[in-house]
Amino acid sequence: MIHPLPPSALKGEGMTSQRARDRLVAKLKEEGIRDQRVLDVMRNLPRHHFIDQALHSRAYENTALPIGHGQTISQPWVVARMTEALLEPFEPKSGRPQKVLEIGTGSGYQAVVLAQLVPQLYTVERIEELLRQARRRFRQLGLENIRSRHDDGKLGWPAEAPFDAIILTAAGDAIPSQILDQLAPDGVLVAPVGSPSSQTLIRMRGDGKGDFMQEELAAVSFVPLLGGIG
């Protein structure tokens, strides 16, 4: 890992203990997650820091949980699978993307997973209160390689483009063209697409010449990708 968390961030007791995280990682392995880098991050990351205290006893269940404002913290398997799918195409080359854009910061959980595995992470969130909370968590965890922005996620972060990889944590009928335009020609994008009742996790891989190959990875369920700010 490039950016490991400080030992003080890993504390937990009972249902938030290291044993609970170990059980979660064992479950992720059973369900097909193979990238050891991703599993190590998930084993160490205190997911209970990203949800309301009333839900701490459910923090290491393999399920999505509410975080307010009509949003959720994604199911751990989905976070692990999306991260694995983003990293995999870079294995024959650098081993990892150098500059990654996340659309939809939410609780900050996916951002923190990625930030421990890539040199630079940029994340955009449309709901100001969620971003404020996420930024506080980034500081508490000592992660200094995350840049965040309160803005319409559909616009991406054009001033910092191009990105080696882009990840979307909300689903639209299609990938916004402004987002795709910010992906490097040989970059990788991972996102859910589809209607609320039928969504598919896809990966798009650039060939370096302006064309993208798309593949379907899994059936998923995400909140809708909305425009504007709140």
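Contact here means heavy atoms within 4.5 Å of each other. The views below come from a predicted model, where local features need pLDDT of at least 70, side-chain atom pairs count only at pLDDT 80 or more, and totals for chains, interfaces and linings use all residues. Residues are numbered from 1 along each chain as its sequence is written, and side-chain values use heavy atoms, with hydrogens and water left out.

View 1. Let's start with a residue picked out by a record: UniProt lists Ser74 for "active site" in an unreviewed entry. Positions from UniProt are given in the numbering used here, with shortened feature names, and the annotations may be inferred rather than shown by experiment. Serine 74 sits in the loop between strand 2 (71-73) and helix 3 (76-87). Helices (H or I, at least four residues) and strands (E, at least two) are DSSP runs, numbered from the N terminus. Is serine 74 buried or exposed? Its relative accessibility is 19%, so serine 74 counts as buried. The cut-offs are under 20% relative accessible area for buried, over 50% for exposed and in between for partly exposed (1.4 Å probe, protein chains only). Leaving out residues up to four places away in sequence, serine 74 touches Arg47, Thr63, Ala64, Val79 and Phe222.

**View 2. Helix 1 against helix 2.** Helix 1 (residues 18-30) packs on helix 2 (residues 36-44) at an angle of about 150°, and their axes are 8 Å apart. Axes are lines fitted to C-alpha atoms, for helices over the stretch in contact, and angles run from 0 to 180 degrees between N-to-C directions. The two helices are therefore roughly antiparallel to each other; angles over 145 degrees get that label, while under 35 is roughly parallel, 65 to 115 roughly perpendicular and the rest oblique. From helix 1, Gln18, Arg21, Asp22, Val25, Leu28 and Lys29 meet Leu39, Met42, Arg43 and Asn44 of helix 2. Sorted by type, the residues of this contact are four nonpolar, two polar and four charged. Nonpolar covers Ala, Val, Leu, Ile, Met, Phe, Trp, Tyr, Cys and Pro, charged covers Asp, Glu, Lys and Arg, and the others, Gly among them, count as polar.

**View 3. Lysine 29 in helix 1.** Now zoom in on lysine 29, found in helix 1. With 40% relative accessibility, lysine 29 counts as partly exposed. Neighbours within four places in sequence aside, lysine 29 is in contact with Arg34 and Leu39. Lysine 29 and glutamine 18 lie eleven residues apart in sequence and 17 Å apart in space, C-alpha to C-alpha.

**View 4. Helix 2 meets helix 3.** The axes of helix 2 and helix 3 come within 9 Å, crossing at roughly 145°. On the helix 2 side, Arg37, Val38 and Met42 meet Pro76, Val79, Ala80, Thr83, Glu84 and Leu87 of helix 3. This contact divides into six nonpolar residues, one polar and two charged.

View 5. Glutamine 182 is in the loop between helix 6 (177-180) and strand 7 (183-195), and at 6% relative accessibility it counts as buried. Beyond four places in sequence, glutamine 182 touches residues including Trp157, Ala161 and Pro162. The peptide bond from alanine 161 to proline 162 is cis, with omega near 5°. Proline 162 belongs to the loop between strand 5 (146-150) and strand 6 (163-168).
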